[in-house]
Amino acid sequence: MFRTFIFFIILSFPILGYTPGKWSHKDAYLFKKVKKVPNKEIVRNAEGQVIYVAEYEYNSDGKLIAETYSDKEGKGDGKTTFRYTDGLLTSEEVYDNGGHLVERKDFQFKGRALKKMNVKDSEGKLVMVYSIESDGEGNVFAAEGKNLETKDNESFRFQIDPKRPNVQIQYLTDDKKKELGEIHFKFDAKGNLVEREFFQGENRRVHKLKYKSDGSLESHSFHVKQGDNWILEKTHVLVYD
């Protein structure tokens, strides 16, 4: 993790990472209309053992409204719920396995363009504020986050790699514009995101995505570089009806 908080966001391709503070293929199910969505995601460790399962629920518009989690033993491990107004995401609430609120995010739009996200703790205290540059098509271009507790500020911006037109580089900087790291987003000829590679000093990580013949995401895996070798950490497999 980079310092206090960080952004994992993608620009303007079929699988969109929309939410500052993380990146997830599920963000497309919150902000875009996706033809085929999974109803379950199974996470396995490097040995192939199931360590986590998430089940998804959608509304009549095909938007994600709930993620329910269970651990490797099949026991409930909390949930996340999403609310919408006029088709736009208004809030995201995370609950622990006891049903207690852990965190809430509130989203603000101008027209259909996301402009702001506020993060509150379990007691409703505002802890982080994100200012976002985006359009009404579900594309985020830049953002700045302010941690109200630590006073740390971080931001990101995207730039097309001039030597590799299929690569978008996300530059992560602090409040003094000092670079904290980079994330390289690589796309195939169909515009599908196939790899995200993280650079922070000597640390290297990579997130690889695999698709089915119909274009839907089949699985994605996380790897870390140790010496000259890439070591698999975990694999997420999506299950569709």
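These legends walk you through several close-up views of a predicted model.

Local features are described where pLDDT is at least 70 and side-chain atom pairs only at pLDDT 80 or more, while totals for chains, interfaces and linings use all residues. Residues are numbered from 1 along each chain as its sequence is written, and side-chain values use heavy atoms, leaving out hydrogens and water.

**View 1. How confident is the prediction?**
The pLDDT is the predictor's confidence in each residue, on a scale from 0 to 100. For this protein the mean pLDDT is 87, and 90% of the residues reach 70 or more. Residues 1–19 have a pLDDT below 50. Beyond near neighbours in sequence, that stretch has 109 contacts in the model, where a contact means heavy atoms within 4.5 Å.

**View 2**
Strands are DSSP runs of E with at least two residues, numbered from the N terminus, and two of them pair if DSSP finds at least two bridges between them. Strand β1 (residues 40–45) runs antiparallel to strand β2 (residues 50–58), joined by five bridges. One place to look is Lys40, whose bridge partner in β2 is Glu55. The hairpin of β1 and β2 has four residues between the strands, and Gly48 in the turn has a positive phi of about 90°. Strand β2 also runs antiparallel to strand β3 (residues 64–71), this time with seven bridges. Here Glu57 stands opposite Ala66 in β3. Five residues lie between the strands of this second hairpin, where Gly62 takes a positive phi near 80°.

**View 3. Leu64 and the nonpolar core.**
A nonpolar core is a set of buried Ala, Val, Leu, Ile, Met, Phe, Trp, Tyr and Cys residues joined through side-chain atoms within 4.5 Å. Buried means under 20% relative accessible area, exposed over 50%, and partly exposed in between, using a 1.4 Å probe and protein chains only. Which members of the largest core touch the most other members? They are Leu30, Leu64, Leu89 and Ile132, out of 36 residues. Setting aside neighbours within four places in sequence, Leu64 is in contact with residues including Leu30, Tyr56, Phe82 and Tyr84. In soluble globular proteins, nonpolar side chains tend to be buried together.

**View 4. Strand β9 has a partner on either side of the sequence.**
Strand β8 (residues 126–134) pairs with strand β9 (residues 140–147) in the antiparallel sense over seven bridges. In this pairing, Met128 has Asn147 of β9 as its bridge partner. Strand β9 also pairs in the antiparallel sense with strand β10 (residues 153–160), over five bridges. There, Lys146 stands opposite Asn153 in β10. Between β9 and β10 the hairpin has five residues, and Lys151 takes a positive phi near 70°.

**View 5**
Rings of Phe, Tyr and Trp (its six-membered ring) pair if their centres lie within 6.5 Å; planes under 30 degrees apart count as stacked, over 60 as edge-to-face and the rest as tilted. The whole structure holds five aromatic pairs. In one of them, the rings of Phe158 and Phe185 have centres 5.7 Å apart and planes at 55°, so the pair is tilted. This pair links distant parts of the chain, with Phe158 in strand β10 and Phe185 in strand β12 (residues 179–187), 27 residues apart. Is Phe158 buried or exposed? Phe158 is buried because its relative accessible area is 14%, and Phe185 counts as buried at 0%. Together, Phe156, Phe158 and Phe185 form one aromatic cluster.

**View 6. Two loop residues with a positive phi.**
Most residues other than glycine have a negative phi. Asp86, in the loop between β4 (76–85) and β5 (88–95), has a positive phi of about 55°. Its relative accessible area is 71%, so Asp86 is exposed. Lys177 lies in the loop between β11 (167–174) and β12, and has a positive phi near 65°. With a relative accessible area of 61%, Lys177 is exposed too.

**View 7. Charges over rings.**
A charge sits over a ring if NZ of Lys or CZ of Arg is within 6 Å of the ring centre and within 35 degrees of the ring normal. Arg205 lies over the face of Phe198, 4.3 Å from the ring centre. Likewise, the charged end of Lys234 sits over the ring of Phe222, 5.2 Å from its centre.
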